[in-house]
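My notes are below as numbered points, to be read alongside the structure.

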Amino acid sequence: MNGFAQKISHDSAKAGGFARNARASFMGSKIMQSIGVEANRLDAVHNAMMLRLISEDGASLPAKDESDQLAAQIVAVARVADTALAAGGTKAAVAAVMRESGRTIDPMIAQNFLRLASSPIFWMAMDAAGDA
């Protein structure tokens with residue numbers, strides 16, 4: 001990760017709740033693509049993810065079904081990454097997801113996030129999502 005991408009992502013991560021949800025939604029969508037969510041489940045997982053993102057206690061709500069369970073796992077990764085991104089930039093986000101993998105977040109979801117996070121393009125797109 002070059003210093004420029006690190007700085008812009010860190011600066012944009014300080015934006016308000018709308019931007020935070022936009023970044024988390026972007027992360028979640030990319031994670032869904034990377035894990036290969038079946039086409040017939042995409043809408044259900046995405047809708048459940050969005051409901052969890054806009055709800056104050058969305059991360060702690062019990063899952064209603066398999067799609068909601070997957071959405072909860074994706075939101076957990078996105079929240080860990082976004083909180084660390086706001087506090088310390090892209091390296092902090094990666095470190096936080098690595099640290100929480102297998103503890104508070106699903107290791108398979110974390111692994112897919114880390115693969116995505118290894119690309120500077122991911123972080124540049126994240127910056128654009130944060131400006132939404």
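1. Where is Met49 found? Met49 sits in helix α3, residues 39–54; helices here are DSSP runs (H or I, at least four residues), numbered from the N terminus. Before going further, please keep in mind that this is a predicted model, in which local features need pLDDT of at least 70 and side-chain atom pairs count only at pLDDT 80 or more, while totals for chains, interfaces and linings use all residues. Residues are numbered from 1 along each chain as its sequence is written, and side-chain values use heavy atoms, with hydrogens and water left out.

2. Is Met49 buried or exposed? Met49 counts as buried because its relative accessibility is 1%, where buried means under 20% relative accessible area, exposed over 50% and partly exposed in between (1.4 Å probe, protein chains only). Leaving out residues up to four places away in sequence, Met49 touches Ser25, Gly28, Ser29, Met32, Ala71, Ile74 and Val75; contact means heavy atoms within 4.5 Å. Met49 and Ser25 are 24 residues apart along the chain, and their C-alpha atoms are separated by 7.7 Å.

3. Next, a helix pair. The axes of α4 (residues 66–88) and α5 (residues 90–100) come within 7 Å and cross at roughly 140°. Axes are lines fitted to C-alpha atoms, for helices over the stretch in contact, with angles from 0 to 180 degrees between N-to-C directions. Val77, Val80, Ala81, Ala84, Leu85 and Gly88 of α4 make the contact with Thr90, Ala92, Ala93, Ala96, Val97 and Glu100 of α5. By class, this contact has 9 nonpolar, 2 polar and 1 charged residues; Ala, Val, Leu, Ile, Met, Phe, Trp, Tyr, Cys and Pro count as nonpolar, Asp, Glu, Lys and Arg as charged, and the others, Gly among them, as polar.

4. Do look at Asp82, also found in helix α4. Asp82 is buried because its relative accessible area is 1%. Which residues does Asp82 contact, leaving aside neighbours within four places in sequence? They are Arg20, Arg23 and Met27.

5. Now the largest nonpolar core, which has 33 residues. Such a core is a set of buried Ala, Val, Leu, Ile, Met, Phe, Trp, Tyr and Cys residues joined through side-chain atoms within 4.5 Å. Ile74, Val97, Phe113, Phe122 and Trp123 touch the most other members. Two or more residues each come from α2 (17–35), α3, α4, α5, α6 (107–117) and α7 (120–130), and α4 gives the largest share, 11 residues. In soluble globular proteins, nonpolar side chains tend to be buried together.

6. Finally, the aromatics: the whole structure holds 4 aromatic pairs. Rings of Phe, Tyr and Trp (its six-membered ring) pair if their centres lie within 6.5 Å; planes under 30 degrees apart count as stacked, over 60 as edge-to-face and the rest as tilted. Phe26 and Phe122 form a tilted pair because their planes are at 35°, with ring centres 5.7 Å apart. This pair links helix α2 to helix α7, with its residues 96 apart. Phe113 and Phe122 are edge-to-face, 5.9 Å centre to centre and 85° between the planes. Phe26, Phe113, Phe122 and Trp123 form one aromatic cluster.
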